[in-house]
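Hi,

Here is the structure I promised to pass on.

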Amino acid sequence: MTNHAKEKTVLVIPCSGIGKVHGLISREATYQVTDELAPGRTDTLCLGLLVRRDDEAVAAIKRQYCITIDGCPKACAEKNVQMAGGRIASSVQVAAAFKRHHGARPGTATDLSKDGWMITREVAEAVAGEVERLHDGKEVS
Ligand code: SF4
């Protein structure tokens, strides 16, 4: 991918969230956006690369708009992108989506239930909508 092509994409960055269903939802929602809802307009990046300040990853988050997806209010993805100097266009939290679905049973840290996939889709659609907004506003073209 050329640098020009890379600038046209928005980076969707999930938290790592291993061992929590919230983290699994943040990762699955990311894949739904990059692979299904906004392919070609989005890409993703491993949060661990930012934690260890990988030069290429840090340059990418400074050059491209980023949307973070965090499992919970600890906001590990948002905070790490901010600390590394990234351009955050929007931040989404899975835990906030749960507040709209009281009593939902999302499954486990390794296996989502029907409720879990419904919340995943809702998060992914919110992120895809934000990507659309960035393209419509010509922040990215
Ligand atoms: S934001 Fe919450 S779920 Fe995600 S990695 Fe941090 S502590 Fe875990």
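A term to start with: two strands count as paired if DSSP finds at least two bridges between them. Strands (E, at least two residues) and helices (H or I, at least four residues) are DSSP runs, numbered from the N terminus. Do keep in mind that this is a predicted model: local features need pLDDT of at least 70, side-chain atom pairs count only at pLDDT 80 or more, and totals for chains, interfaces and linings use all residues. Residue numbers start from 1 along each chain as its sequence is written, and side-chain values use heavy atoms, with hydrogens and water left out.

Now the sheet. It is an open one of four strands, in the order β2-β1-β3-β4, with parallel pairing. β2 (42–44) and β4 (87–93) each have a single partner strand, so one side of each has no neighbour in the sheet. On average, neighbouring strands are turned by 25° against each other, direction ignored (axes are lines fitted to C-alpha atoms, for helices over the stretch in contact, and angles run from 0 to 180 degrees between N-to-C directions).

β3 (residues 65–70) pairs with β4 in the parallel sense over six bridges. I69 has V92 as its bridge partner in β4, and T68 has S91. From β3 the chain crosses through α5 to β4, a right-handed β-α-β crossover (with the strands pointing away from the viewer, the path from the first strand over the helix to the second runs clockwise). Helix α5 (residues 76–83) lies across β1 (10–14), β3 and β4, at about 150° to β3; contact here means heavy atoms within 4.5 Å.

And the ligand? Around it sit C15, S16, G17, K20, D70, G71, C72, K74, A75 and C76, where a residue is near if one of its heavy atoms lies within 4 Å.

Last one: H101 is in the loop between α6 (94–99) and α7 (114–136). Leaving aside residues up to four places away in sequence, H101 touches M118, I119 and E122.

Cheers
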